[in-house]
Amino acid sequence: MSGPLDGVLVVDLSRALAGPHATMMLGDLGARVIKVEAPGSGDDTRGWGPPFVGGESTYFLSANRNKESIALDLKAPADHELLLRLVDRADVLVENFRTGVLERLGLGIDALRVRNPRLVVLSITGFGHDGPEGGRAGYDQIAQGEAGLMSLTGSGPDDPQRVGTPIADLLAGMYGAYGVVAALHERDRTGVGSVVRTSLLAAVVGVHAFQGTRYTVAGEVGVAQGNHHPSIAPYGLFRCADGAVQIAVGSEGLWQRFCTAFGIAEEGLGTNAERVAARERVIAVVEQAFATYEAEALLTRLSEAGIPAGKVRRLDEVYAWDQTASQGLLIDVEHATLGALRLPGPPLRFFQGEAETTPGEHAAPPTLDQHGAAIREWLG
């Protein structure tokens with residue numbers, strides 16, 4: 001497929017989610033991604049389920065579109081040599097082995113550099129490549145807890161909750177792909193590839209955002225506080241007659257409009273700082289104003305008043321929403337064994353002037369070794 005990374009060859013030695021998500025992002029942008037898998041079993045996620053459909057894990061399908069698959073035993077001399085020949089042609093190699101494994105396979109950075117000085121290497125670990133816990137294995141939920149995210153998520157300080165998707169893995173993959181694109185740009189200038197390193201720990205700390213500076217600058221330790229923003233009020237989920245809606249009153253101008261629309265005249269709530277200090281009172285005032293509205297009518301009223309608002313949709317509602325489809329977030333592919341599939345699509349779109357140049361065709365996630373024969377033939 002064409003795209004901004006057309007002509008870039010990625011050799012993907014990663015498995016599970018962080019690395020495969022990074023390489024899928026590169027494949028979405030037009031890179032040729034060759035996924036190297038263990039014979040017989042393949043990527044770990046091929047066995048993660050249920051649900052399975054036609055024997056295929058839907059988890060694996062989520063992270064491996066726009067790739068080719070070849071099965072190689074990296075401890076077998078013939079397959080190891082085949083991998084080295086792939087490395088010779090590659091622009092990027094991605095791996096998420098534990099620290100030291102790549103070296104034991106004879107694929108350390110120095111060895112790769114000798115074969116291909118232009119190679120960009122992306123290496124993703126759980127907690128970093130060095131430091132006192134650099135060799136530690138990393139899984140998403142463990143990283144969410146260790147990196148502080150769970151302490152900020154949940155109904156209250158005593159109710160730590162994981163995010164409903166493997167966000168540490170996904171963020172590490174996103175940061176990794178971002179680093180690869182930067183390293184490819186640098187290589188155009190220097191002629192030499194570089195090593196990009198990130199980790200699940202780094203990725204989660206990298207998105208602490210205001211919660212990070214809240215501690216490092218102000219000395220305040222953030223805690224979970226449910227569905228209401230710690231620094232803006234009213235901003236969160238509010239009950240109405242038949243359910244709940246979300247609103248984001250993120251400026252004083254919006255607060256004035258909100259008060260006018262719903263007849264609110266409360267003393268001592270004129271500034272955001274006052275409202276945050278009196279959050280429980282603000283929640284009570286807002287929910288009293290919403291009490292007679294059903295959700296759909298309330299959303300209409302909020303829209304008319306210019307107040308940012310929305311509902312909480314289930315996933316089936318999200319994928320049935322015409323706005324989702326309009327943004328290219330659903331793609332249709334033909335799978336080797338399952339036939340026609342509809343998958344979540346890439347989140348980026350590209351334009352040149354008024355013309356959209358977003359890649360319009362995508363390949364289904366591969367079956368194990370689906371492209372092995374073709375890749376071997378290509379390598380001669």
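User: What's the span of helix α7, residues 167-190?
Analyst: In this predicted model, α7 has 24 residues and reaches 34 Å from its first C-alpha to its last, close to the 34 Å expected at 1.5 Å a residue.

User: And what does the backbone do just after α7?
Analyst: Gly191 sits there with a positive phi of about 80 degrees.

User: How do the axes of α1 and α7 cross?
Analyst: The two axes come within 7 Å and cross at roughly 45 degrees. That angle makes α1 oblique to α7, and the crossing is right-handed.

User: Which residues of α1 and α7 make the contact?
Analyst: On the α1 side you have Ala18, His21, Ala22, Met25 and Leu26. From α7 come Asp169, Leu170, Ala172, Gly173, Met174, Ala177, Val180 and Val181.

User: What's the split by class in that contact of α1 with α7?
Analyst: It has 10 nonpolar, two polar and one charged residues.

User: Why would contact residues in a helix be three or four places apart?
Analyst: An α-helix has 3.6 residues a turn, so residues three or four places apart point the same way.

User: Switching to α10 and α13, at what angle do they pack?
Analyst: About 125 degrees, with the axes of α10 (residues 252-262) and α13 (residues 295-304) 10 Å apart. This makes α10 oblique to α13.

User: Is that crossing of α10 and α13 left-handed or right-handed?
Analyst: Right-handed. Phe258, Ala261 and Phe262 of α10 make the contact with Leu298, Arg301 and Leu302 of α13. By class, the residues of this contact are five nonpolar, no polar and one charged.

User: What about α3 and α16, how do they cross?
Analyst: The axes of α3 (residues 77-89) and α16 (residues 372-379) come within 11 Å and cross at roughly 65 degrees. The two helices are therefore roughly perpendicular to each other, and their crossing is left-handed.

User: Which residues meet between α3 and α16?
Analyst: α3 brings Asp79, Leu82, Arg85, Leu86 and Arg89, and α16 brings Ile375, Arg376, Trp378 and Leu379. They divide into five nonpolar, no polar and four charged.

User: New topic. How many aromatic pairs are there in the whole structure?
Analyst: A search finds eight. One of them is Trp48 with Tyr59, an edge-to-face pair with 5.0 Å centre to centre and 85 degrees between the planes.

User: Where do Trp48 and Tyr59 lie?
Analyst: Trp48 is in the loop between β2 (32-37) and β3 (52-53), while Tyr59 is in helix α2 (residues 58-61), so the pair ties together parts that are 11 residues apart in sequence.

User: What's phi for Ala16?
Analyst: Near 70 degrees, a positive value in a residue other than glycine. Ala16 is in the loop between β1 (9-12) and α1 (18-28).

How values were computed:
Residues are numbered from 1 along each chain as its sequence is written. This is a predicted model: local features need pLDDT of at least 70, side-chain atom pairs count only at pLDDT 80 or more; totals for chains, interfaces and linings use all residues. Side-chain values use heavy atoms; hydrogens and water are left out. Axes are lines fitted to C-alpha atoms, for helices over the stretch in contact, and angles run from 0 to 180 degrees between N-to-C directions. Helices (H or I, at least four residues) and strands (E, at least two) are DSSP runs, numbered from the N terminus. Angles under 35 degrees count as roughly parallel, over 145 as roughly antiparallel, 65 to 115 as roughly perpendicular and the rest as oblique. A crossing is left-handed if the near helix is turned anticlockwise from the far one by less than a right angle, and right-handed if clockwise. Contact means heavy atoms within 4.5 Å. Ala, Val, Leu, Ile, Met, Phe, Trp, Tyr, Cys and Pro count as nonpolar, Asp, Glu, Lys and Arg as charged, and the others, Gly among them, as polar. The expected span of a helix is 1.5 Å times one less than its number of residues. Rings of Phe, Tyr and Trp (its six-membered ring) pair if their centres lie within 6.5 Å; planes under 30 degrees apart count as stacked, over 60 as edge-to-face and the rest as tilted.
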